[in-house]
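The following exercises are to be worked through with the sequence and the three-dimensional model at hand. Each task is followed by a solution in steps.

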Amino acid sequence: MKSYTKLRKALCLLLAIAMFCAVLPVGAQAAGCNCKDIPRIGLPGIGDTLLLNAGTPEETGVGVVDTDALVDEILPILGDISGAVALRSWDKAADAFIKLAWGMLGHMQVDEKGKSVQPITAKPCDDPKTRNHKEKQSFNFKYDWRMDPWAVAAELNAYIKQVKKATGHSQVALLAHSEGNLICMAYFARYGYGDVHDYIASMSAHNGLTLVGELFNRNVELGCALLLELLRSFGAASGEGAMELMGPAADLLQTTGIAEQLVKLLAILLEHVQDRVFDEALIPLVVQWPALWGFVPHEYYESAKAKLLGGAKYAAFRKMIDNMHYKAGAGYKADTLIKNAVKAGVRVSIIAGYGFPTMPFAPNSDIDADGLVDTKRASSGAATPGLFNTFPAGYKQKKNDGHNHLSPDGKIDASTCLLPEQTWFIRGQLHFSGNTGALREAILSTPGKPTVRNVKGYPQFLSAVSDGVFVPNEPVPAAAKPTLLGSAWGFNKTLGKVIWESIAG
């Protein structure tokens with residue numbers, strides 16, 4: 001009888017505890033959240049505004065480039081450069097370039113140990129405790145994009161735990177753009193996959209950039225055709241205001257022959273000033289950003305270190321970037337980390353852009369890209385025929401999995417991707433706009449495993465028709481070669497339109 005009484009008291013006590021927990025405030029999230037909207041954490045790339053002197057009366061936002069210095073200094077410095085070139089005074093030209101670089105980027109300097117010279121920090125992340133999760137599912141992770149991704153991954157891990165606690169969810173979705181994907185690679189390597197339900201990699205740098213690999217090996221080379229194509233691409237992608245002039249201006253520069261002569265002159269200039277500009281400006285200003293070493297593909301990595309980071313001065317820096325590269329680095333561990341994420345049950349989706357050149361400052365710039373990142377690297381392996389080419393008639397996809405992975409415009413063979421069924425391609429999607437929100441929402445709302453077959457309205461191959469608006473990809477007719485008369489008329493017509501619109505308001 002006594003044992004029965006004890007058992008009854010114990011059951012009553014357990015029932016009382018359960019009732020108490022049931023009436024706790026929702027904000028405490030004791031019972032978890034049963035809504036279907038998994039909290040999303042956005043990870044931006046380079047360019048998100050940082051803070052100088054945070055928390056003081058002198059606090060101000062700072063970007064990659066000091067725009068005040070750009071306006072105040074660029075015109076007189078360009079004059080100095082022009083005069084130095086005319087007189088073949090290469091040291092004076094180098095002095096002018098170095099002065100310009102320090103004026104624009106000096107505030108972002110990182111020392112040889114990877115620490116910010118100025119008191120610059122990231123903006124605060126969105127506070128998940130102050131937001132109603134059921135009304136707002138997205139949270140922005142802010143970080144100093146100059147710093148070591150391996151260290152930033154610890155900040156991301158802490159933030160994921162905050163979001164989980166505040167929302168009552170056991171997992172989050174990571175929506176990363178550009179460098180944000182390097183942070184995700186470091187996070188996966190350090191903390192695993194248990195807290196992640198979805199990972200969407202957009203315009204991703206997880207496999208590095210050929211551009212950075214070449215530049216960090218001191219390989220600088222200007223390409224006239226690529227420079228003109230980049231101007232046309234930027235104009236087409238924006239299509240507003242003065243940006244409209246870029247396409248007609250490129251046509252005019254091409255047909256008059258000015259572009260070719262200008263590029264030849266710039267090539268001569270670079271040949272004479274390149275070494276000093278690297279040593280006295282680029283290395284102390286940007287090469288010492290630890291994060292940029294995350295963009296160096298594996299095949300370029302060791303030679304780049306030898307050329308830029310020699311001697312005892314950089315011993316600690318080399319150790320730091322080696323840790324990231326050989327545990328989560330571009331072209332070395334990234335694809336393995338993504339495969340392991342899939343094995344762990346993470347819904348992985350990849351979005352890559354194409355139809356643009358990369359920046360035309362290095363060899364191999366005629367690869368297809370989103371204006372910065374190689375399409376092949378961003379997609380983890382898509383085969384492409386090059387920026388100005390299409391696959392030959394009768395081309396068959398390299399791997400046959402029973403599905404068609406050839407783009408209608410003959411520019412992409414997605415069968416060679418790491419995840420051909422979870423990789424989307426958008427022609428005309430510029431890296432710097434990065435607006436893939438509608439596609440990401442469609443992926444997130446798709447039940448089960450999202451693929452290029454079952455995400456409604458978004459087949460594998462798309463074309464951007466305006467910012468964030470995509471249509472199914474179709475073949476593109478060859479562009480007519482510009483003529484001198486036609487390009488002059490087109491430029492003047494567009495110039496008049498831009499002037500009229502600015503006057504009319």
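**Exercise 1.** What length does helix α15 (residues 484-504) reach from its first C-alpha to its last, and what is expected at 1.5 Å a residue?

*Solution.* The model is a predicted one, in which local features need pLDDT of at least 70 and side-chain atom pairs count only at pLDDT 80 or more, while totals for chains, interfaces and linings use all residues. Residues are numbered from 1 along each chain as its sequence is written, and side-chain values use heavy atoms, with hydrogens and water left out.

Step 1. Helices (DSSP H or I, at least four residues) and strands (E, at least two) are runs numbered from the N terminus. Helix α15 has 21 residues.

Step 2. The expected span is 1.5 Å times one less than the number of residues. For α15 the expected value is 30 Å, and the helix reaches 30 Å.

**Exercise 2.** Is serine 178 buried or exposed, and which residues does serine 178 touch?

*Solution.* Step 1. Serine 178 lies in the loop between β6 (172-177) and α5 (180-191).

Step 1. Serine 178 counts as buried because its relative accessibility is 6%.

Step 2. Contact means heavy atoms within 4.5 Å. Leaving aside residues up to four places away in sequence, serine 178 touches Gly45, Ser202, Met203, Ser204, Ala205 and His431.

**Exercise 3.** Describe the chain as a whole.

*Solution.* Step 1. The chain contains 15 helices and 11 strands.

Step 1. Of its 505 residues, 46% are buried.

Step 2. Among contacts between residues at least 6 apart in sequence, 72% join residues at least 24 apart.

Methods:
Buried < 20%, exposed > 50% of the residue type's maximum accessible area, 1.4 Å probe, protein only.
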